Amino acid sequence: MNLRFLSCLIFLLLLGTSCTKSDRNPVFKRYKTLYQIGDQPAWATKNWNDTNWKKRMKLVPDGQIFWSRTPIKILKAPESLQPYGLRLEVYGAYEVFWDGVLIGRNGNPGREVDVPPEGELWTTFTIPNHLTNKGEHLLALRLSNYYYPDHIGIHEFKIDEYNDLVTDRLIKNSYMHVFAGAFLIAAIYFLFLFLGNKKEFPMLIFSISCFLFFSLTMTHFVRTTIPIHYSLHVIRLEVITGIMFGISFLIPLYFSMQFPYPKQKLFLGIYGVVLLSLYIFKHHSFDFTAYNMMVSLWVFSLGIAIYGAYKKGKGALLVVLTLLVCIIIRYTVSFGISLFVGFSLILLSMLYVLSLRIKEQRLAYETSLVQSTRLRLELLKKNIQPHFLMNTLTSLIDWVEESPKKGVLFIEALAKEFDLLNQIENKTLIPIKQEIALCRSHLEIMEYRKEINYFWEEKGIDSAQNIPPGILHTLLENGITHSLPLEDNSITFTLLFESNREYNRYTFLTVAETVRQEGNIKEGTGLKYIKARLTESYHDQWEFTSEPLTHGWKNTITLYL
Amino acid sequence: MYILIVEDESRIAKRIERMIRTIVGGALQSIKHINTLQEAVTFIENKTLDLVLLDLNLNGHSGFDLLTTAVSKSFHTIVISAYKEQAITAFEYGVLDFVPKPFNQERLEQAVQRITTKETTTVNTVKYLAVKKRHKVQLIPMEKVVYIKGAGTYTELVLVDGNKALHDKSLEKLEQLLSPTFERIHKSYLVKMAEITNISVSSGSKYIAELKNGERIPIGRTKYKDIKAKWF
């Protein structure tokens with residue numbers, strides 16, 4: 001298991017690093033961008049004197065037209081038939097001029113108020129081959145930013161072979177989609193597992209966490225496949241932060257369930273409040289918020305995992321290690337990548353812990369199956385164990401020899417007991433009436449054997465009640481074995497039933513002379529059978545007592561409701 | 001004959017009693033049925049008996065203690081039990097016979113007749129001799145016993161380490177249980193054959209068995225031929 005887990009980690013790390021590759025030397029050098037509000041076609045030309053232009057522009061209200069000029073040095077001319085492309089992430093609508101030539105348009109600058117939103121936040125343009133000689137060039141943008149007038153600037157800028165620019169993103173995207181798909185499948189699979197057993201909340205939380213991680217990946221990488229207008233961008237960031245908030249709460253919640261610690265609700269409550277305040281505080285610095293939530297998730301999870309490891313919780317140590325590995329990753333790759341790699345590692349460690357729990361449950365189930373089979377055999381054995389069978393047969397022979405008619409009645413009683421036992425042999429609960437019938441038929445047999453007058457009395461029996469098979473029968477057997485008849489050669493067994501809101505109680509009384517016990521009475525197989533049967537059907541919601549009386553014995557079975 | 005039946009199943013006890021009466025007939029002086037362990041132990045301690053018919057499972061208790069007490073006594077014990085696997089143990093402790101349930105008159109008669117016919121057990125599986133010492137029953141492993149000397153109604157067990165122990169059973173009864181490992185070489189001696197190193201004839205045609213521990217034990221004139229045949 002551990003080996004497989006490790007290999008998964010390695011694969012994932014490789015995947016993570018493959019996403020970061022940008023190994024080629026840049027083909028360009030970008031100089032400082034300058035801005036100016038206003039609109040003059042001449043500003044697009046290469047040699048315009050822009051010395052009085054501003055280095056930074058904080059706000060351009062009302063969708064006014066403004067220009068930006070960025071000098072660029074092409075270090076290496078493109079190969080023939082392989083034109084360069086230009087990728088931009090710029091808030092706003094704009095026209096792109098390269099050395100004074102219009103090479104592209106994104107939206108409708110200056111007309112944003114009148115025309116519905118057009119264009120997208122991330123765009124790639126081709127630069128005609130003859131304009132990309134080695135040497136100085138100028139990129140001028142004619143812009144307007146109606147929706148986020150305070151987000152002025154070029155946020156991403158890249159020049160490379162056009163084909164590479166386009167395909168690189170698609171390749172990265174396809175990796176991330178496969179990656180996200182894996183977590184989607186995990187989410188669905190564990191959701192179904194949870195629906196099959198609705199008590200397994202860790203499974204549900206794991207499923208939701210996987211789904212949120214899938215959504216996070218998809219939302220993050222959706223920009224390549226679906227055009228997003230810059231006015232909608234903040235919605236995407238809100239969604240991402242919301243998802244981050246969910247994951248940041250669910251992961252520690254999951255670890256809390258797997259590695260319980262004292263005052264869980266209190267700690268989770270505090271954590272929830274901390275997370276919520278981080279969410280609200282500087283809400284629109286999305287990266288900042290995400291980072292803070294990541295850190296608090298990490299700290300809280302690590303605390304839980306360390307406590308779990310201290311308490312020798314299975315898998316806790318691996319979670320601690322995973323969380324420590326996350327630190328290393330954080331400081332080796334960019335925040336964006338460390339976020340995805342880190343989350344996937346944590347989710348994998350969660351999956352590992354879950355698999356340990358599932359294994360534990362399976363083992364427990366198998367043990368319970370073995371136990372049930374053992375109990376079933378024990379019940380079957382009751383009537384074929386030599387003490388019962390051989391003594392019965394000896395008495396039976398004697399009855400047949402002495403009084404064939406009584407012998408026949410004896411055989412009939414025996415047949416009845418075997419029949420009843422056959423009916424209940426593979427059940428874990430049987431109607432109380434059936435158990436009583438079994439006891440009565442047993443008494444009939446024992447009367448022939450022991451020649452003692454056995455009496456059976458019952459009070460308050462509720463026919464609707466069920467009971468594990470052979471329990472009263474075992475108490476009866478014990479009563480017969482360990483008792484001597486009273487002076488009138490009789491032994492009476494009484495079964496009482498009482499029921500209230502809290503419990504159902506059976507009291508089983510043996511009225512007889514008890515055989516003097518020597519030394520400590522050790523727990524016989526009979527009592528073990530009773531306790532095992534009660535545990536099988538009622539877990540720990542039962543109580544069994546057994547005590548001597550002056551004349552006989554008293555057993556009580558209390559079944560809590 | 002004084003007989004005790006220890007059995008907690010009334011019907012079976014009656015059956016045994018009825019059969020014993022038929023088998024023993026006029027020789028029966030008294031027959032008693034007891035159905036609890038405690039009563040049986042007290043009875044055995046205080047009464048003279050010739051035979052005890054014992055069920056090993058009484059009121060859910062193993063009759064093992066009762067068994068060791070019984071076999072340490074002068075009388076023979078026959079076990080009547082539903083548990084056939086207990087037979088080996090019973091024989092190891094020196095019961096005369098083991099009658100499995102359900103039984104019939106023939107089988108019981110066969111067991112009882114071993115007492116009267118002095119028939120020896122065919123295969124000796126006795127592993128211990130139960131000896132009463134200070135109100136406690138002690139089990140002496142058979143490999144520690146060198147020879148047994150008759151001493152009136154008792155017998156004296158002479159052990160490898162030189163110690164001696166008194167047993168309540170007569171030499172005849174022990175011979176019945178211990179043959180053929182032990183041989184009656186003299187009317188007063190029962191010797192483990194493996195312990196004899198040499199047989200010598202001393203003056204006056206006295207035959208002497210020399211044992212590994214250096215002791216010299218007389219061989220009965222009538223027994224000599226048999227012993228010689230077996231020994232050589």
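**View 1. Aromatic pairs in the predicted model.** Over all chains, 39 aromatic pairs are counted. Rings of Phe, Tyr and Trp (its six-membered ring) pair if their centres lie within 6.5 Å; planes under 30 degrees apart are stacked, over 60 edge-to-face, and the rest tilted. One edge-to-face pair is A:Tyr291 with A:Phe335, at 5.4 Å centre to centre and 65 degrees between the planes. A:Tyr291 lies in helix α6 (residues 286–310) of chain A and A:Phe335 in helix α8 (residues 335–381) of chain A, so the pair ties together parts 44 residues apart in sequence. Helices (H or I, at least four residues) and strands (E, at least two) are DSSP runs, numbered from the N terminus. A:Tyr291 is partly exposed at 29% relative accessibility. A:Phe335 is also partly exposed, at 22%. Buried means under 20% relative accessible area, exposed over 50%, partly exposed in between (1.4 Å probe, protein chains only).

This is a predicted model: local features need pLDDT of at least 70, side-chain atom pairs count only at pLDDT 80 or more, and totals for chains, interfaces and linings use all residues. Residues are numbered from 1 along each chain as its sequence is written, chains are lettered from A and ligands numbered from 1 in the order in which they are written, and side-chain values use heavy atoms, with hydrogens and water left out.

**View 2. Arginines over ring faces.** A:Arg30 lies over the face of A:Phe157, 4.7 Å from the ring centre. A:Arg69 lies over the face of A:Trp53, at 5.9 Å from the ring centre. The rule: NZ of Lys or CZ of Arg within 6 Å of the ring centre and within 35 degrees of the ring normal.

View 3. Side chains of opposite charge can pair when their charged atoms come close. A salt bridge here is a side-chain nitrogen of Lys or Arg within 4 Å of a carboxyl oxygen of Asp or Glu. The structure holds 35 of these salt bridges over all chains. In one of them, the side chains of A:Arg87 and A:Glu156 meet at 3.1 Å, N to O. A:Arg87 sits in strand β4 (residues 84–90) of chain A and A:Glu156 in strand β9 (residues 154–161) of chain A, so the pair ties together parts 69 residues apart in sequence. A:Arg87 is buried, with a relative accessible area of 8%. A:Glu156 is partly exposed, at 22%.

**View 4. Salt bridges joining chains A and B.** B:Lys14 and A:Glu451 meet through their side chains in a salt bridge of 2.7 Å, N to O. B:Lys14 lies in helix α1 (residues 10–24) of chain B and A:Glu451 in the loop between α11 (432–450) and β11 (453–459) of chain A, so the pair joins two chains. B:Lys14 is partly exposed at 45% relative accessibility. A:Glu451 is partly exposed at 22%. Both residues belong to a network of salt bridges that links A:Asp398, A:Glu401, A:Glu402, A:Glu451, B:Arg11, B:Lys14, B:Arg15 and B:Arg18.

**View 5. A salt bridge within chain B.** B:Glu210 and B:Arg216 meet through their side chains at 3.1 Å, N to O. B:Glu210 is partly exposed, at 23% relative accessibility.

View 6. B:Leu190 lies in strand β14 (residues 189–192) of chain B. The residue is buried, with a relative accessible area of 0%. Leaving aside neighbours within four places in sequence, B:Leu190 is in contact (heavy atoms within 4.5 Å) with B:Tyr147, B:Ile148, B:Leu171, B:Leu174, B:Glu175, B:Leu178, B:Phe182, B:Glu183 and B:Arg184.

**View 7. A nonpolar surface patch on chain A.** A:Ile188, A:Leu191, A:Phe192 and A:Leu195 make a nonpolar patch of about 360 Å². Patch residues have over 30% relative accessible area and no salt bridge; like charges are joined within 9 Å, nonpolar side chains (Val, Leu, Ile, Met, Phe, Trp, Tyr) within 5 Å. Accessible areas come from the Shrake-Rupley method with a 1.4 Å probe; for residues, only the protein chains shown count as cover. A:Leu195 lies in helix α2 (residues 162–196) of chain A. At 43% relative accessibility, A:Leu195 is partly exposed.
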